Amino acid sequence: MPRPVFLSARRLSGVLDREAVAEEDAELRKAGTVVTADRMTYWPVEDEVEGIGSFELQQGDDRILGTQARLKLEDQVGFVDQASYFIKRQPKAVPPAESEPTTGFAVPRAIAIKPGQTRVKAQQKPASALTEARGEAERIDLEGENQYHLTAATYTTCKPGSEDWYLTVADLRLDYDNEVGAGSDATLRFFDVPILHSPWLSFPLNDERKSGVLPPTYGSSNSSGIEVVVPYYWNIAPNMDATFYPRLMSKRGVQLGTQFRYLNDAFGGLYRGDALYEYLPHDRLADRDRWGIALQHTQTTATGFSGAVNYNRVSDNDYYTDLSSRITQTSQTQLLQQGTVTYSRDDWWSATATVQSFQTLDPDPKNPVTKPYRLLPQITVNARRPDLFSTDSSFFGQYTSFVHPENALVEGQRLVLQPQVSLPFVTPGWYLTPRVGVNITHYDLSYPVGGVLRPESISRILPIFSVDSGMTFERSSVWFDREYTQTLEPRLFYLNIPYKNQDDIPIFDTGLADFNFAQIFADNQFSGWDRFNNANQLTAALSSRLIDPENGAEIMRAMIGQLIYFSDDKVTLPGTTMRKWGSSDFLAAFSGQVWPRLYVDAALQYDPSDSTFERYAVGARYHPSPGKALNASYVFNTDASVPIKQVDVAGQWPITGRWQAVGRYNYSFLQNTPIEIIGGLEYNAGCWAVRTVAHRLQTAQADSTTQFFVQLELSGLSSVGSSTQNLLQRRIPGYAVGATSSDQGLAQW
């Protein structure tokens, strides 16, 4: 049934049911639509209206003004001449995000499971904020609901009265059904200065993915010179995409890179992956071809099987130090190459098979890195029944074949079996858990030709006995004028393991475990199974927590603990000495909120025998609101294989008005050099923002790389220059991207 039309004006004339003419302050209303003009003619049979002089069309929040127009109201088809427009839309909800890109060069949207698959238990991503667009055009053709065709038009998302940036487009189509804009002969102007031009332009009207050439990024570094990246993004399918990013480095050449991501279901489960490949033919500085590969794949099935592949390899030892700006990559010396398959059909047991190798990088020939053993394969079985005849029973079994890549060291197979049974007694105020177990380890070894002759078959059987006990006391307490529940929780853990000589057992994967609160309650002070300590010791610890009684949230936690030895330590690693003292270092830690939005973390290890601190760390975080973050920490550690004495300060803070600063300073007192320095400024004008960031990274003892980034971000359209967000989010804890984030739209040229 046609919706009624209401027409009003100072003067009305026409032919009944055929034509109505309204003059002077003419206004037409139809459900959801208001049309005004100096003079208006309406034809009821065709449901068509023509307006002349000061024409305005309002549909919801949308407004189109012009000098002359003709429209079919119900079909929303027609034109407006000499028009200006304002379009406001709530983007549609998009599928759940399943992965994010990792290249750092382009920012394609997250891939998702294919439409129509309801098996995946994931919340739908909420719709983005309202998008607002405005501009002018010689002519706007309305081609149906949510379809606009603009001729000789401008486009911007800045608020009325601000023309800081805008597009001039010869031909522009805005499709709000598919939420895509496309145009030809487009020029981007910033403060009336043209900064980009393209014969073709396409951009999403929300944050959906779309194929196309992404905006180029620019930067410079002292190791590679001026860098320009022009990524191309290919939206292959809703659950599959690829990014190609040629990277021009003035000092080195052109590096070709690609990232392929996928997500799908099979065998009643999901599989997903991320493959990255980079190739630099003939690096002019290094005088060789260079490449890097990174592959990650995970898969689950409804039959209980799951698997994963993590494969990484590069062409040379200096690949990351020369070509990466990530401190986590430049410091890598072992690249993991691993495949795993796990079966877990029931809740109480699982089995995992693993093959594992590494590519060892030796950036410094004077300090060669030790190559680890390969696992070919390792099979692990874990089982636990916490309610078996009122006991908590568990079993660990593992078979490993160790192969060394140089075939110059002892190799062999190791079998570990460790069943154990505990009998917990638990009440609301205290608990007591005695436990008995046995560690059975067997080795079959083979030695290199000409090596030291040792037993080829070794077995070790060690019974394990422990008692874990603790109590919990509570009281009401007032802190900062608020009531809390304060706890006092003493804990005692006794451990007894007899001594057995293990000097003939080779070291495949074992080292001394880190001394911390988790380790002092563990059976073994070593990581790995090649050494198992003897023990007759008691761990004493005391913790206190501050809890909000309204929601149960933990506000603060403080702990102190120490090991007391009743016998000497007789099991050591090669090259180390036996312990002769009767108690361990003290451990103390604190973590919690000490003031509104102020958090403190502290930990220390104190040696009472010589009254010295072996290590300590203290850090503070202050995050009063998004865009305001201050972080500071100091770390001192003489107990590490590589001693540490560093200070780290980082933050983001408004300076004045629309300006804010970001920065990080990480300094090593032992090396007498900054490890990482970041300094940047950001100006946020609402519909655009500009960021400048300088980044200095120490890549080796005597080498560093310095990079400079400039990024112009246009809200709802694109960003021009080098992306700084990934760097700042990784390296500045609490960093918040401004409201003009490029997630609000990404143009493709």
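Close-up 1. Leu423 is found in the loop that runs between strand 27 (411–422) and strand 28 (425–426), in a model that is predicted. With a relative accessibility of 36%, Leu423 counts as partly exposed. Together with Phe425, Trp430, Leu432, Met471, Phe473, Leu488, Leu542, Ile560 and Phe586, Leu423 forms a nonpolar patch on the surface, and these residues have about 850 Å² of accessible area together.

**Close-up 2. The chain as a whole, shown for orientation.** The chain has 3 helices and 46 strands, and buried residues make up 43% of its 749 residues. Of the contacts in the chain with a separation of 6 or more, 50% come from residues 24 or more positions apart. The chain exposes about 37,100 Å², of which carbon and sulfur atoms supply 57%.

**Close-up 3. Pro405 and its neighbours.** Pro405 is found in the loop between strand 26 (391–403) and strand 27, and it is partly exposed, with a relative accessible area of 27%. Leaving aside residues up to four places away in sequence, Pro405 touches Lys371, Pro372 and Arg374. The C-alpha atoms of Pro405 and Tyr373 are separated by 6.9 Å, although these two residues are 32 residues apart along the chain.

Close-up 4. Glu24, which is found in strand 3 (residues 19–30), has a phi near 65 degrees, a positive value in a residue other than glycine; at 40% relative accessibility, Glu24 counts as partly exposed. Arg597 also has a positive phi, near 70 degrees, and is found in the loop between strand 37 (586–595) and strand 38 (598–607). With a relative accessibility of 47%, Arg597 counts as partly exposed.

Close-up 5. A pair of aromatic rings is described by the distance of the centres and the angle of the planes. The count in this chain comes to 26 aromatic pairs, and one of them is the tilted pair of Tyr343 and Trp349, with 5.7 Å centre to centre and 50 degrees between the planes. Tyr343 is partly exposed, with a relative accessible area of 23%, and Trp349 is partly exposed as well, with 26%. Elsewhere, ring pairs link Tyr606, Phe613, Tyr616, Tyr634, Phe636, Tyr665, Tyr667 and Phe669 into a cluster.

**Close-up 6. The salt bridge between Glu50 and Arg70.** Side chains of opposite charge can pair when their charged atoms come close. The chain has 41 salt bridges by count, among them the one that Glu50 forms with Arg70, where the closest N and O atoms are 3.6 Å apart. Glu50 lies in strand 5 (residues 48–59) and Arg70 in strand 6 (residues 62–72), so this pair ties together parts that are 20 residues apart in sequence. Glu50 has a relative accessible area of 19% and is buried, because buried means under 20%, whereas Arg70, at 28% relative accessibility, counts as partly exposed.

Close-up 7. Asp316 forms a salt bridge with Arg290, with the closest N and O atoms 2.6 Å apart. This pair links distant parts of the chain, 26 residues apart, with Asp316 in the loop between strand 22 (305–314) and helix 1 (319–323) and Arg290 in strand 21 (residues 288–300). Asp316 counts as buried at 10% relative accessibility, and Arg290 counts as buried at 0%. Both residues belong to a network of salt bridges in which Arg252, Asp283, Arg288, Arg290, Asp316 and Asp322 are linked.

**Close-up 8. The salt bridge between Glu713 and Arg691.** Glu713 forms a salt bridge with Arg691, and the closest N and O atoms are 3.1 Å apart. Glu713 lies in strand 45 (residues 704–714) and Arg691 in strand 44 (residues 688–698), so the pair ties together parts that are 22 residues apart in sequence. Both Glu713 and Arg691 are buried.

Methods:
Residues are numbered from 1 along each chain as its sequence is written. This is a predicted model: local features need pLDDT of at least 70, side-chain atom pairs count only at pLDDT 80 or more; totals for chains, interfaces and linings use all residues. Side-chain values use heavy atoms; hydrogens and water are left out. Patches are made of residues with over 30% relative accessible area and no salt bridge: like charges are joined within 9 Å, nonpolar side chains (Val, Leu, Ile, Met, Phe, Trp, Tyr) within 5 Å. Accessible areas come from the Shrake-Rupley method with a 1.4 Å probe; for residues, only the protein chains shown count as cover. A salt bridge is a side-chain nitrogen of Lys or Arg within 4 Å of a carboxyl oxygen of Asp or Glu. Helices (H or I, at least four residues) and strands (E, at least two) are DSSP runs, numbered from the N terminus. Buried means under 20% relative accessible area, exposed over 50%, partly exposed in between (1.4 Å probe, protein chains only). Contact means heavy atoms within 4.5 Å. Rings of Phe, Tyr and Trp (its six-membered ring) pair if their centres lie within 6.5 Å; planes under 30 degrees apart count as stacked, over 60 as edge-to-face and the rest as tilted.
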